[in-house]
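The following exercises guide a new reader through one structure.

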Amino acid sequence: LKFFYDPIESLHQLNQILQSGRAAGERVFDILDAEPEADTVGGREMAGIKGQVRYENVGFSYAGKTPTVHGVSLEALPGQTIALVGPTGAGKSTLINLLTRFYEYDEGMITIDGVPVHELNKAWLRRNIGYVTQESFLFNGTVRENLVIGRRDATDEQLWQALQSANADGFVKRLPDLLDTHVGERGVKLSVGEKQRISIARALLRNPPILLLDEATASVDTETERQIQEALEHLMANRTSFVIAHRLSTVRNADCIYVLEHGRIIEKGTHDELIAQDGMYAKLCRTSLIAAETAAEE
Ligand code: ATP
(Lines give C-alpha, C1' and ligand atoms only; values in the text may rest on other atoms or scores of the structure.)
Protein backbone atom coordinates (compact mmCIF):
# COMPACT_ATOMS: atom_id res chain seq x y z
CA LEU A 1 0.00 0.00 0.00
CA LYS A 2 1.79 3.08 -1.17
CA PHE A 3 1.56 6.40 0.50
CA PHE A 4 0.94 8.29 -2.72
CA TYR A 5 -2.62 7.08 -2.82
CA ASP A 6 -3.35 8.97 0.35
CA PRO A 7 -4.85 12.14 -1.04
CA ILE A 8 -4.76 14.44 1.92
CA GLU A 9 -1.40 13.63 3.32
CA SER A 10 0.33 13.38 -0.01
CA LEU A 11 -1.03 16.74 -1.09
CA HIS A 12 0.05 18.14 2.22
CA GLN A 13 3.53 16.81 1.67
CA LEU A 14 3.61 18.07 -1.90
CA ASN A 15 2.75 21.45 -0.54
CA GLN A 16 5.73 21.19 1.76
CA ILE A 17 7.94 20.42 -1.20
CA LEU A 18 6.57 23.42 -2.99
CA GLN A 19 7.19 25.63 -0.05
CA SER A 20 10.69 24.36 0.51
CA GLY A 21 11.38 24.94 -3.19
CA ARG A 22 12.77 21.46 -3.69
CA ALA A 23 12.77 19.86 -7.10
CA ALA A 24 9.87 17.50 -7.57
CA GLY A 25 10.84 14.38 -9.57
CA GLU A 26 13.04 12.30 -7.36
CA ARG A 27 11.84 13.78 -4.10
CA VAL A 28 8.19 13.13 -4.92
CA PHE A 29 8.92 9.52 -5.72
CA ASP A 30 10.65 9.26 -2.35
CA ILE A 31 7.39 10.24 -0.75
CA LEU A 32 5.37 8.01 -2.99
CA ASP A 33 7.39 5.01 -1.98
CA ALA A 34 7.37 5.84 1.71
CA GLU A 35 5.92 3.36 4.16
CA PRO A 36 2.38 4.04 5.35
CA GLU A 37 2.17 5.91 8.63
CA ALA A 38 1.69 3.85 11.77
CA ASP A 39 -1.89 4.96 12.23
CA THR A 40 -2.86 3.69 8.79
CA VAL A 41 -2.02 0.11 9.77
CA GLY A 42 -4.86 -2.21 10.89
CA GLY A 43 -8.58 -2.25 10.22
CA ARG A 44 -10.55 -3.92 7.47
CA GLU A 45 -10.62 -3.44 3.74
CA MET A 46 -13.85 -3.95 1.83
CA ALA A 47 -13.96 -5.97 -1.37
CA GLY A 48 -15.32 -2.99 -3.26
CA ILE A 49 -17.28 0.19 -2.64
CA LYS A 50 -20.73 0.85 -4.09
CA GLY A 51 -20.73 4.30 -2.57
CA GLN A 52 -23.62 4.61 -0.12
CA VAL A 53 -22.49 6.97 2.66
CA ARG A 54 -24.48 7.63 5.83
CA TYR A 55 -23.83 10.00 8.69
CA GLU A 56 -26.00 9.10 11.69
CA ASN A 57 -26.16 11.64 14.50
CA VAL A 58 -22.50 12.48 14.14
CA GLY A 59 -20.88 14.71 16.74
CA PHE A 60 -17.30 15.91 16.90
CA SER A 61 -15.24 18.46 18.78
CA TYR A 62 -11.63 19.49 18.32
CA ALA A 63 -9.73 18.72 21.53
CA GLY A 64 -10.86 20.88 24.41
CA LYS A 65 -13.26 22.89 22.30
CA THR A 66 -17.02 23.09 22.18
CA PRO A 67 -18.55 20.68 19.65
CA THR A 68 -17.91 21.69 16.04
CA VAL A 69 -20.38 19.21 14.56
CA HIS A 70 -23.57 18.16 16.36
CA GLY A 71 -26.18 15.52 15.55
CA VAL A 72 -25.46 15.49 11.83
CA SER A 73 -27.39 12.92 9.82
CA LEU A 74 -27.18 12.72 6.07
CA GLU A 75 -27.19 10.12 3.35
CA ALA A 76 -25.72 9.83 -0.11
CA LEU A 77 -26.84 6.97 -2.33
CA PRO A 78 -24.25 5.48 -4.70
CA GLY A 79 -23.41 7.98 -7.44
CA GLN A 80 -25.24 10.90 -5.88
CA THR A 81 -23.86 14.39 -5.51
CA ILE A 82 -24.37 15.99 -2.12
CA ALA A 83 -23.65 19.70 -1.76
CA LEU A 84 -22.64 21.16 1.58
CA VAL A 85 -23.16 24.87 1.94
CA GLY A 86 -23.03 27.25 4.83
CA PRO A 87 -21.22 30.26 6.16
CA THR A 88 -17.53 30.19 6.92
CA GLY A 89 -16.74 28.15 10.03
CA ALA A 90 -20.03 26.20 9.84
CA GLY A 91 -18.17 22.88 9.86
CA LYS A 92 -18.24 21.83 6.19
CA SER A 93 -14.57 20.87 5.97
CA THR A 94 -14.69 19.18 9.37
CA LEU A 95 -17.61 17.08 8.20
CA ILE A 96 -15.79 15.75 5.14
CA ASN A 97 -12.57 15.19 7.09
CA LEU A 98 -14.50 12.83 9.38
CA LEU A 99 -15.27 10.57 6.42
CA THR A 100 -11.59 10.05 5.61
CA ARG A 101 -10.86 9.66 9.35
CA PHE A 102 -8.57 12.63 9.20
CA TYR A 103 -10.37 13.28 12.49
CA GLU A 104 -12.41 10.67 14.39
CA TYR A 105 -16.01 11.45 15.31
CA ASP A 106 -16.96 11.38 19.00
CA GLU A 107 -20.63 10.49 18.63
CA GLY A 108 -22.88 8.69 16.20
CA MET A 109 -21.56 6.78 13.23
CA ILE A 110 -20.44 7.20 9.64
CA THR A 111 -20.84 4.19 7.38
CA ILE A 112 -19.88 3.32 3.82
CA ASP A 113 -22.12 0.64 2.32
CA GLY A 114 -23.20 -0.09 5.90
CA VAL A 115 -19.67 -0.56 7.30
CA PRO A 116 -18.59 1.92 10.00
CA VAL A 117 -15.57 3.89 8.77
CA HIS A 118 -13.85 3.51 12.14
CA GLU A 119 -13.54 -0.22 11.39
CA LEU A 120 -11.83 0.41 8.06
CA ASN A 121 -8.14 0.63 7.32
CA LYS A 122 -7.33 4.32 7.03
CA ALA A 123 -4.91 4.11 4.13
CA TRP A 124 -7.32 1.90 2.20
CA LEU A 125 -10.16 4.31 2.99
CA ARG A 126 -8.22 7.29 1.71
CA ARG A 127 -7.20 5.42 -1.42
CA ASN A 128 -10.88 5.01 -2.18
CA ILE A 129 -11.88 8.56 -1.38
CA GLY A 130 -10.52 11.20 -3.71
CA TYR A 131 -10.00 14.65 -2.29
CA VAL A 132 -9.85 17.49 -4.77
CA THR A 133 -9.37 21.01 -3.69
CA GLN A 134 -9.36 23.46 -6.49
CA GLU A 135 -6.80 25.53 -4.74
CA SER A 136 -4.70 22.52 -5.73
CA PHE A 137 -1.42 23.22 -7.16
CA LEU A 138 1.00 21.63 -9.49
CA PHE A 139 4.47 20.92 -8.24
CA ASN A 140 7.61 21.71 -10.20
CA GLY A 141 7.86 18.91 -12.71
CA THR A 142 6.31 17.85 -15.97
CA VAL A 143 2.62 17.61 -16.75
CA ARG A 144 3.08 13.85 -16.82
CA GLU A 145 4.66 13.76 -13.35
CA ASN A 146 1.83 15.85 -12.02
CA LEU A 147 -0.74 13.50 -13.51
CA VAL A 148 0.75 10.14 -12.57
CA ILE A 149 0.47 11.04 -8.90
CA GLY A 150 -3.06 9.86 -9.61
CA ARG A 151 -1.94 6.59 -11.16
CA ARG A 152 1.65 5.72 -11.76
CA ASP A 153 1.05 2.97 -14.30
CA ALA A 154 -1.14 5.10 -16.60
CA THR A 155 -0.37 4.90 -20.32
CA ASP A 156 -0.09 8.02 -22.47
CA GLU A 157 -3.45 7.18 -23.97
CA GLN A 158 -5.03 7.15 -20.50
CA LEU A 159 -3.33 10.42 -19.63
CA TRP A 160 -4.71 12.08 -22.75
CA GLN A 161 -8.18 10.63 -22.10
CA ALA A 162 -8.16 12.09 -18.60
CA LEU A 163 -6.94 15.44 -19.92
CA GLN A 164 -9.72 15.41 -22.50
CA SER A 165 -12.41 14.69 -19.88
CA ALA A 166 -10.96 17.50 -17.80
CA ASN A 167 -11.02 19.92 -20.77
CA ALA A 168 -7.26 20.21 -20.45
CA ASP A 169 -6.10 18.46 -23.64
CA GLY A 170 -6.38 21.62 -25.76
CA PHE A 171 -3.88 23.70 -23.85
CA VAL A 172 -1.55 20.76 -23.07
CA LYS A 173 -1.34 20.08 -26.83
CA ARG A 174 -0.09 23.64 -27.26
CA LEU A 175 2.70 23.24 -24.67
CA PRO A 176 6.21 22.99 -26.17
CA ASP A 177 6.92 19.42 -25.01
CA LEU A 178 3.33 18.26 -24.52
CA LEU A 179 3.15 15.89 -21.53
CA ASP A 180 6.86 16.34 -20.90
CA THR A 181 6.63 20.11 -20.55
CA HIS A 182 7.91 21.40 -17.24
CA VAL A 183 5.32 23.41 -15.36
CA GLY A 184 5.49 25.40 -12.17
CA GLU A 185 8.06 27.88 -11.00
CA ARG A 186 10.85 26.59 -13.19
CA GLY A 187 8.74 25.86 -16.23
CA VAL A 188 5.73 27.10 -18.13
CA LYS A 189 3.40 29.12 -15.92
CA LEU A 190 -0.16 27.90 -16.17
CA SER A 191 -3.24 29.92 -15.33
CA VAL A 192 -5.39 29.12 -12.29
CA GLY A 193 -8.02 27.53 -14.53
CA GLU A 194 -5.43 25.38 -16.33
CA LYS A 195 -3.98 24.17 -13.03
CA GLN A 196 -7.44 23.31 -11.78
CA ARG A 197 -8.17 21.26 -14.87
CA ILE A 198 -4.90 19.32 -14.52
CA SER A 199 -5.78 18.54 -10.92
CA ILE A 200 -9.19 17.32 -12.10
CA ALA A 201 -7.45 15.09 -14.69
CA ARG A 202 -5.26 13.71 -11.90
CA ALA A 203 -8.36 12.82 -9.88
CA LEU A 204 -10.01 11.22 -12.93
CA LEU A 205 -6.97 8.96 -13.29
CA ARG A 206 -7.24 7.85 -9.67
CA ASN A 207 -10.90 7.06 -10.29
CA PRO A 208 -11.98 6.81 -6.62
CA PRO A 209 -15.55 5.60 -5.93
CA ILE A 210 -16.10 8.47 -3.48
CA LEU A 211 -15.06 12.03 -4.10
CA LEU A 212 -14.70 15.01 -1.77
CA LEU A 213 -14.52 18.28 -3.60
CA ASP A 214 -13.77 21.66 -2.15
CA GLU A 215 -14.81 24.14 -4.80
CA ALA A 216 -12.62 27.12 -5.38
CA THR A 217 -13.89 30.60 -5.08
CA ALA A 218 -11.11 31.97 -7.27
CA SER A 219 -12.50 34.21 -9.92
CA VAL A 220 -11.98 33.05 -13.47
CA ASP A 221 -13.55 34.26 -16.70
CA THR A 222 -16.90 32.86 -17.86
CA GLU A 223 -15.46 30.52 -20.51
CA THR A 224 -12.89 29.07 -18.07
CA GLU A 225 -15.65 28.70 -15.50
CA ARG A 226 -17.73 26.75 -18.01
CA GLN A 227 -14.82 24.47 -18.88
CA ILE A 228 -14.05 23.78 -15.23
CA GLN A 229 -17.69 23.12 -14.49
CA GLU A 230 -17.90 20.62 -17.34
CA ALA A 231 -14.69 18.92 -16.16
CA LEU A 232 -16.14 18.66 -12.65
CA GLU A 233 -19.33 17.14 -14.01
CA HIS A 234 -17.23 14.44 -15.72
CA LEU A 235 -15.37 13.88 -12.46
CA MET A 236 -18.49 13.60 -10.32
CA ALA A 237 -20.41 11.38 -12.75
CA ASN A 238 -20.99 7.85 -11.46
CA ARG A 239 -19.31 8.35 -8.13
CA THR A 240 -20.63 9.49 -4.79
CA SER A 241 -19.52 13.08 -4.38
CA PHE A 242 -19.58 15.50 -1.48
CA VAL A 243 -18.99 19.03 -2.62
CA ILE A 244 -18.32 22.06 -0.47
CA ALA A 245 -20.10 24.17 -2.99
CA HIS A 246 -19.68 27.77 -3.96
CA ARG A 247 -21.07 27.71 -7.48
CA LEU A 248 -24.74 27.93 -8.23
CA SER A 249 -24.35 25.52 -11.14
CA THR A 250 -23.01 22.88 -8.71
CA VAL A 251 -25.78 23.22 -6.17
CA ARG A 252 -28.40 23.19 -8.91
CA ASN A 253 -27.08 19.83 -10.13
CA ALA A 254 -26.77 18.31 -6.65
CA ASP A 255 -29.16 15.52 -5.67
CA CYS A 256 -29.44 17.07 -2.24
CA ILE A 257 -28.12 20.22 -0.62
CA TYR A 258 -27.42 20.27 3.12
CA VAL A 259 -27.11 23.67 4.74
CA LEU A 260 -24.88 23.85 7.80
CA GLU A 261 -24.77 26.50 10.45
CA HIS A 262 -22.77 26.25 13.69
CA GLY A 263 -22.11 22.57 13.02
CA ARG A 264 -25.77 21.57 12.58
CA ILE A 265 -27.80 20.83 9.51
CA ILE A 266 -30.49 23.44 9.40
CA GLU A 267 -31.97 22.86 5.95
CA LYS A 268 -31.98 20.08 3.40
CA GLY A 269 -33.42 19.79 -0.08
CA THR A 270 -32.93 20.67 -3.72
CA HIS A 271 -32.14 24.18 -4.89
CA ASP A 272 -35.74 24.90 -5.86
CA GLU A 273 -37.13 23.49 -2.61
CA LEU A 274 -34.73 25.52 -0.52
CA ILE A 275 -35.31 28.72 -2.46
CA ALA A 276 -39.05 28.22 -1.89
CA GLN A 277 -38.40 27.81 1.87
CA ASP A 278 -36.75 31.22 1.83
CA GLY A 279 -34.46 30.38 4.75
CA MET A 280 -30.70 30.39 5.20
CA TYR A 281 -30.02 28.86 1.77
CA ALA A 282 -32.05 31.50 -0.01
CA LYS A 283 -30.14 34.08 2.00
CA LEU A 284 -26.79 32.53 1.04
CA CYS A 285 -27.83 32.67 -2.58
CA ARG A 286 -28.60 36.35 -2.22
CA THR A 287 -25.22 37.08 -0.64
CA SER A 288 -21.72 36.40 -1.82
CA LEU A 289 -21.48 32.73 -0.79
CA ILE A 290 -23.21 31.28 -3.81
CA ALA A 291 -24.07 34.54 -5.39
CA ALA A 292 -21.82 35.24 -8.31
CA GLU A 293 -24.05 33.62 -10.92
CA THR A 294 -27.35 34.13 -9.13
CA ALA A 295 -27.93 37.66 -10.24
CA ALA A 296 -27.21 36.75 -13.84
CA GLU A 297 -29.44 33.68 -13.84
CA GLU A 298 -32.45 34.83 -11.89
P1 ATP B 1 -14.89 27.53 5.56
O2 ATP B 1 -16.03 27.69 4.61
O3 ATP B 1 -14.34 28.83 6.05
O4 ATP B 1 -13.81 26.61 5.08
P5 ATP B 1 -16.08 25.41 7.17
O6 ATP B 1 -17.55 25.45 7.13
O7 ATP B 1 -15.41 24.42 6.30
O8 ATP B 1 -15.49 26.86 6.91
P9 ATP B 1 -14.53 24.24 9.28
O10 ATP B 1 -13.24 24.53 8.60
O11 ATP B 1 -15.01 22.84 9.32
O12 ATP B 1 -15.68 25.17 8.69
O13 ATP B 1 -14.42 24.82 10.75
C14 ATP B 1 -15.47 24.68 11.70
C15 ATP B 1 -14.99 25.23 13.03
O16 ATP B 1 -13.94 24.42 13.55
C17 ATP B 1 -14.41 26.65 12.95
O18 ATP B 1 -14.81 27.35 14.09
C19 ATP B 1 -12.92 26.43 12.94
O20 ATP B 1 -12.25 27.52 13.53
C21 ATP B 1 -12.78 25.18 13.79
N22 ATP B 1 -11.61 24.37 13.39
C23 ATP B 1 -11.33 23.93 12.14
N24 ATP B 1 -10.21 23.20 12.12
C25 ATP B 1 -9.76 23.16 13.42
C26 ATP B 1 -8.65 22.54 14.08
N27 ATP B 1 -7.77 21.80 13.39
N28 ATP B 1 -8.53 22.73 15.41
C29 ATP B 1 -9.42 23.44 16.10
N30 ATP B 1 -10.50 24.06 15.56
C31 ATP B 1 -10.67 23.92 14.22
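## Exercise 1: The contact of α8 with α9

In this predicted model, Gly193, Gln196, Arg197, Ile200, Ala203 and Leu204 in α8 meet Thr224, Gln227, Ile228, Ala231, Leu232, His234 and Leu235 in α9. Determine how the residues of this contact divide by class, and at what angle α8 and α9 pack.

Solution. Step one sorts the residues: the contact of α8 with α9 holds seven nonpolar, five polar and one charged residues. Step two considers the axes: α8 and helix α9 (residues 222-236) pack at an angle of about 10°, and their axes are 10 Å apart. Step three draws the conclusion: angles under 35 degrees count as roughly parallel, and α8 is therefore roughly parallel to α9.

## Exercise 2: The contact of α6 with α8

State whether α6 and α8 are parallel or oblique to each other, and identify which residues meet.

Solution. Step one takes the geometry: helix α6 (residues 156-165) packs with helix α8 (residues 192-206) at an angle of about 125°, their axes lying 8 Å apart. Step two follows from this angle: α6 and α8 are therefore oblique to each other. Step four names the partners: on α6 they are Gln158, Ala162, Leu163 and Ser165, and on α8 they are Ala201, Leu204 and Leu205. By class, the contact of α6 with α8 comprises five nonpolar, two polar and no charged residues.

## Exercise 3: The six-stranded sheet

Give the order of the six strands in the open sheet, and describe how β11 joins β12.

Solution. Step two gives the order, β6-β9-β10-β3-β11-β12, with mixed pairing. The edge strands are β6 (129-133) and β12, each of which pairs on one side only. Neighbouring strands of this sheet are turned by 20° against each other on average, direction ignored.

Strand β11 (residues 256-261) and strand β12 (residues 264-269) run antiparallel and are joined by five bridges. Across them, Tyr258 stands opposite Lys268 in β12, and Glu261 stands opposite Arg264 in β12. Two residues lie between the strands of this hairpin, where His262 takes a positive phi near 45°.

Step four places a helix: α3 (residues 92-99) lies across β3 (81-85), β6, β9 (210-214), β10 (240-244) and β11, and runs at about 150° to β10.

## Exercise 4: Around the ligand

List the residues around the ligand and divide them by class.

Solution. Step one lists them: Tyr62, Lys65, Thr68, Gly86, Thr88, Gly89, Ala90, Gly91, Lys92, Ser93 and Thr94. Step two classifies this shell as two nonpolar, seven polar and two charged residues.

Technical notes. Residues numbered from 1 in each chain as written. Predicted model: local features only at pLDDT ≥ 70, side-chain atom pairs only at ≥ 80, totals over all residues. Pairing = 2+ DSSP bridges. Helix = DSSP H or I, 4+ residues; strand = E, 2+ residues; numbered from the N terminus. Axes fitted to C-alpha atoms, helices over the stretch in contact; angles between N-to-C directions. Parallel < 35°, antiparallel > 145°, perpendicular 65-115°, else oblique. Contact = placed C-beta atoms within 7 Å. Nonpolar A, V, L, I, M, F, W, Y, C, P; charged D, E, K, R; others polar. Near = placed C-beta within 6 Å.
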